[in-house]
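Q: Could we go through this model together? I would like to begin with one residue and then turn to the overall fold.

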Amino acid sequence: MRTKIFSRLASTELTLICMGLMMFLIFTGTLAQVHLGTYAAQKAYFDSVWIYAYMGDIKVPVFPGGYTVGALWLVNLTAAFVMRFRADSKKIGLYMSHSGLLLLLLGQFLTQTLTRESQMPIPVGETRNYSEDFRDTELVLIRSVDEASEEVISVPQSIFSQQRTISLPHNTLKLSLRAYYPNAVLAMATDTTAASMVTQGIGRQLTVHSIPVATTDDENNQPTVYVEIFDQGKSLGIWLLSSGLGAPQSFKANGHEYRVLIRSRRHYLPFSLTLKEFRHDRYPGTQIPKNFSSLVTLRDLEQGVERDTLIYMNNPLRYQGRTFYQASYGEGDQLSILQVVQNPVWLAPYIACSIMALGLGIHFIRRLYA
Amino acid sequence: MNGLTAFIVLLANLFIIGCRRDAIETYRVPKESVSPAVPTMPTPAGMEPSTELKKQIRWKTPSGWKEQPPSAMRVGSFSIQNAAGQADVSIVPLSGDSGGDLANINRWRGQIQLPALTAETLKHESQTRVWGGHRMLWVDFSNADKRITAAIYKEGGVSWFFKMTGDDAVVKGAQSAFEELLHSTDFAGHAH
């Protein structure tokens, strides 16, 4: 029985089915980018276990997503490799090319799972030691610890969008989510607006209008929540928090002043970058861009590193497993936006392709002279 | 370890990696501030409003306003102080549309803890008015005891930002003087 299941998993038929499914996914996923945008289409078709369709209000899985097809294919190839592998020096080229393909698939899966892409907007003259997520947000509570540092409690959107009650670790504070809107616009309340449930902060003067979730690449959602904050079981009030509010709100609890807000999710770095100069050169007499570059000072106190680096097109800064690319700019050329990519397996496709090429080469030469 | 065991171990590892969950984190970070190394640094070439732009603009400073030395970004800078508190006025030229009116206005609103506007709501919250023959976008926002009054004028690929911010009573009281400043401003080098 066990052998039968294993040989099914290792069958060539399953390989062909997986290839067919993958081709269909790529075709439909590419077409879907037209109306969904790149990000949403990638999430729905490739970074998913199932592709869903709505029948009325019911979400129905209609086709296996990228994770399912990729995992099945990986299982199929691995099983085939394990089952058919016989130590034979004549087939070393084939074994190498198959191992390369396996590594390529595995590398892609790990890349999709482990890669973190974010942005670091730095105004000229300022220093940043964190990057910000494009879309993901966090609900943060910040309190001053001493003159130089502050403590941040970060609740990721994946938690505050799902859980009704959130206990904060090592803290007497507890959050109770009264309502959650994945995307909303805020407006000033008028005399005719229904009374808000908010009892604290700027939210008392605002109304919330839920709007559909943004899917295109140039739109951002404004996650918004009504949250009641408790300290040792005693309610401190209800706040309106939204990434659309530009500044934090504050409250006092157990002798500390806390600031609370929803902001783009931050990823802190063990080093900092200071933007010394941003250049947006144009061809003389035109507005056509010639060059974008950021001169940054990299400071890593732990490693004793302090050096200037110029980041420009095709010349990113690579440091401690992260790559900083020149991505965009703003505020009248006073702000440089760097794309930060952290991919611990970025070498996998290079190694996989090299192994495959070498394996095929060996096999070709061996057959030629056999 | 035989092949099948190795295969199962590999799948289990991938499953664990694929099922990583977000968690609430508590961490300590340095307080945010401008790097101490930077303020003494000269403004990089191309970042400072060009001398041409500085020469280009002229205005008549309203009485009672104390002129401040211009900084790297500001071609004009004033402070207003009276019994009701204080306010700061700035004139900043930036090339292009400098991120767009909406982004700049929402940034200002954030400074006084007001929520961001959409392009649609900005239409209701702003006015187009004319001073000294120049058509400008006028906004006026207040929250609690703070107020921002500002005007944006665009000409020849340059956006001119006139902004007055500070204590509500002071800014409100100085709005007619602010309008005088806008009326007196000439972008070709001669005050009205």
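**A histidine and its surroundings**

A: This is a predicted model. In it, the side chains of His280(A) and Asp333(A) make a polar contact at 3.1 Å.

Q: Where does His280(A) lie, in terms of secondary structure?

A: His280(A) belongs to strand 13 of chain A, which covers residues 256–282.

Q: Is His280(A) buried or exposed?

A: His280(A) counts as buried, because its relative accessibility is 11% and the cut-off for buried is under 20%.

Q: And what is His280(A) in contact with, leaving aside neighbours within four places in sequence?

A: The partners are Pro289(A), Asn291(A), Phe292(A), Tyr329(A) and Asp333(A).

Q: Changing topic: how many helices and strands are there in chain A?

A: Chain A has 7 helices and 18 strands. Of its 370 residues, 43% count as buried.

Q: At what angle do helix 2 and helix 3 of chain A pack?

A: Helix 2 (residues 12–36) and helix 3 (residues 38–46) of chain A pack at about 145°, and their axes are 8 Å apart. The crossing of these two helices is right-handed.

Q: Which residues meet there, helix 2 against helix 3 of chain A?

A: From helix 2 of chain A they include Leu25(A), Ile26(A) and Leu36(A), and from helix 3 of chain A they include Tyr45(A) and Phe46(A). The residues of this contact divide into 8 nonpolar, 4 polar and no charged.

Methods. Residues are numbered from 1 along each chain as its sequence is written. Chains are lettered from A and ligands numbered from 1 in the order in which they are written. This is a predicted model: local features need pLDDT of at least 70, side-chain atom pairs count only at pLDDT 80 or more; totals for chains, interfaces and linings use all residues. Side-chain values use heavy atoms; hydrogens and water are left out. Helices (H or I, at least four residues) and strands (E, at least two) are DSSP runs, numbered from the N terminus. Buried means under 20% relative accessible area, exposed over 50%, partly exposed in between (1.4 Å probe, protein chains only). A polar contact is a pair of N or O atoms within 3.5 Å; within protein, one must be able to donate a hydrogen and the other to accept it, and residues adjacent in sequence count only if both atoms are side-chain atoms. Contact means heavy atoms within 4.5 Å. Axes are lines fitted to C-alpha atoms, for helices over the stretch in contact, and angles run from 0 to 180 degrees between N-to-C directions. A crossing is left-handed if the near helix is turned anticlockwise from the far one by less than a right angle, and right-handed if clockwise. Ala, Val, Leu, Ile, Met, Phe, Trp, Tyr, Cys and Pro count as nonpolar, Asp, Glu, Lys and Arg as charged, and the others, Gly among them, as polar.
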